[in-house]
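Dear colleague,

Please find the structure below. My notes on an aromatic ring with its neighbours, and on one helix, follow it.

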Amino acid sequence: MAPLQQARQGQPLLVSVGRLHRVKGLSLLLEAWAGDDELFETLNLVIVGGGLEQPTAEESLVLRQFDEVGSRVARAGHGSS
């Protein structure tokens, strides 16, 4: 995992921990956070879950959703790993 940028250290965390599944709307959460100046500037979003090395079909779908959000909202990928 990439370390937080100096400017983001000490900010509150918005954390989601659990399996990656489309019904949870995590891509919507990512888009809302990255698309809102105040949320982006005041909170760090942390999404924990899934198997990145060997994702299930469902996890792969959610990861593709994250990539799609990142292609539309550039800062959605800041600090991702």
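R8 lies over the face of F40, 4.6 Å from the ring centre; a charge counts as over a ring if NZ of Lys or CZ of Arg is within 6 Å of the ring centre and within 35 degrees of the ring normal. The charged end of R75 also sits over the ring of F40, at 4.4 Å from its centre.

This is a predicted model, in which local features need pLDDT of at least 70 and side-chain atom pairs count only at pLDDT 80 or more, while totals for chains, interfaces and linings use all residues. Residues are numbered from 1 along each chain as its sequence is written, and side-chain values use heavy atoms, with hydrogens and water left out.

A search of the whole structure finds one aromatic pair. The ring centres of W33 and F40 are 4.9 Å apart and the planes stand at 50°, so the pair is tilted (rings of Phe, Tyr and Trp, the last by its six-membered ring, pair if their centres lie within 6.5 Å; planes under 30 degrees apart are stacked, over 60 edge-to-face, the rest tilted). W33 and F40 are both buried (under 20% relative accessible area; exposed is over 50%, partly exposed in between, with a 1.4 Å probe and protein chains only).

Helix α3 covers residues 57–72 (helices are DSSP runs of H or I, at least four residues; strands are runs of E, at least two; both are numbered from the N terminus). Its buried residues are E58, E59, V62, F66 and V69. Seen down the axis of α3, these fall within an arc of 100°, so they line one face of the helix (the arc is that of the directions from the helix axis to the C-beta atoms). On the other side of α3, A57, R64, D67 and S71 are exposed.

With kind regards

Terms used:
The expected span of a helix is 1.5 Å times one less than its number of residues.
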